[in-house]
Amino acid sequence: MRKIVAIICLSLLSLSCKKSKNEEITACGVVNPIQNLNWLNQKYKLFTGGPKLNSVLLYEYNGSQIIQFNQAVSSKMYDLYNCNGELLMFDDASGLSKYLAGRKKVAVIYGTFQVD
């Protein structure tokens, strides 16, 4: 009986691991946005230093999806873009503060480096 339980547990564990590794991220209406959004792919190709120094994060803010680039080798902490690839700018520090307080992280599209 223990062998059967162990086999079932191992099977479930391996299935859950496979599922999480194969999950595809959808952002801005497309699956695999780094490959399928031309503007995002172009910016991604400019990264230097790999995934431990850079990341692309998907946030939701006021009903819109926002893509945030974090680059450890940049003088900026991050850049924010809408789904059309337009750089988002805030009129003042309070606009940025409202964004930072109201955003909700949806997914890590690429990398491990995160500034929150």
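## A walk through the fold

Contacts between residues 24 or more positions apart make up 51% of the protein's contacts with a separation of 6 or more. Keep in mind that you're looking at a predicted model.

**Start with the whole chain.** Colour it by secondary structure and you'll find four helices and six strands. Following the sequence, they come in the pattern α-β-β-α-α-β-β-β-α-β. Of the 116 residues, 28% count as buried.

Pick β3, β4, β5 and β6: they form an open sheet in the order β5-β4-β3-β6, with antiparallel pairing. The edges are β5 (78–81) and β6, each of which pairs on one side only. Look across the sheet: neighbouring strands are turned by 25° against each other on average, direction ignored. Zoom in on β3 and β4, which pair in the antiparallel sense over eight bridges. Here Y61 stands opposite S64 in β4.

**Next, the nonpolar core.** Which residues have the most contacts inside the largest nonpolar core? Select W39, L40, V56, I67 and F69, and you have them; the core holds 15 residues. Elements giving two or more residues to this core are α3 (38–44), β3, β4 (64–71) and β6 (104–111). The most come from β6, with three residues. Click on L40 and look past its neighbours within four places in sequence: L40 is in contact with P33, I34, V56, I67 and F69. Apart from this core lies another one, of seven residues, including L57, Y61, I66 and Y78.

**Finish with the aromatic rings.** The structure holds eight aromatic pairs. One of them is Y61 with Y99, an edge-to-face pair at 5.2 Å centre to centre and 75° between the planes. That pair links distant parts of the chain, with Y61 in strand β3 (residues 54–61) and Y99 in helix α4 (residues 93–102), 38 residues apart. Are these two tyrosines, Y61 and Y99, buried or exposed? Both are buried.

For a last stop, show the side chains of W39, Y44, F47, F69, Y81 and Y110, which form one aromatic cluster. You've already met W39 and F69 among the residues with the most contacts in the largest core.

Notes: Residues are numbered from 1 along each chain as its sequence is written. This is a predicted model: local features need pLDDT of at least 70, side-chain atom pairs count only at pLDDT 80 or more; totals for chains, interfaces and linings use all residues. Side-chain values use heavy atoms; hydrogens and water are left out. Rings of Phe, Tyr and Trp (its six-membered ring) pair if their centres lie within 6.5 Å; planes under 30 degrees apart count as stacked, over 60 as edge-to-face and the rest as tilted. Buried means under 20% relative accessible area, exposed over 50%, partly exposed in between (1.4 Å probe, protein chains only). Contact means heavy atoms within 4.5 Å. A nonpolar core is a set of buried Ala, Val, Leu, Ile, Met, Phe, Trp, Tyr and Cys residues joined through side-chain atoms within 4.5 Å. Two strands pair if DSSP finds at least two bridges between them. Axes are lines fitted to C-alpha atoms, for helices over the stretch in contact, and angles run from 0 to 180 degrees between N-to-C directions.
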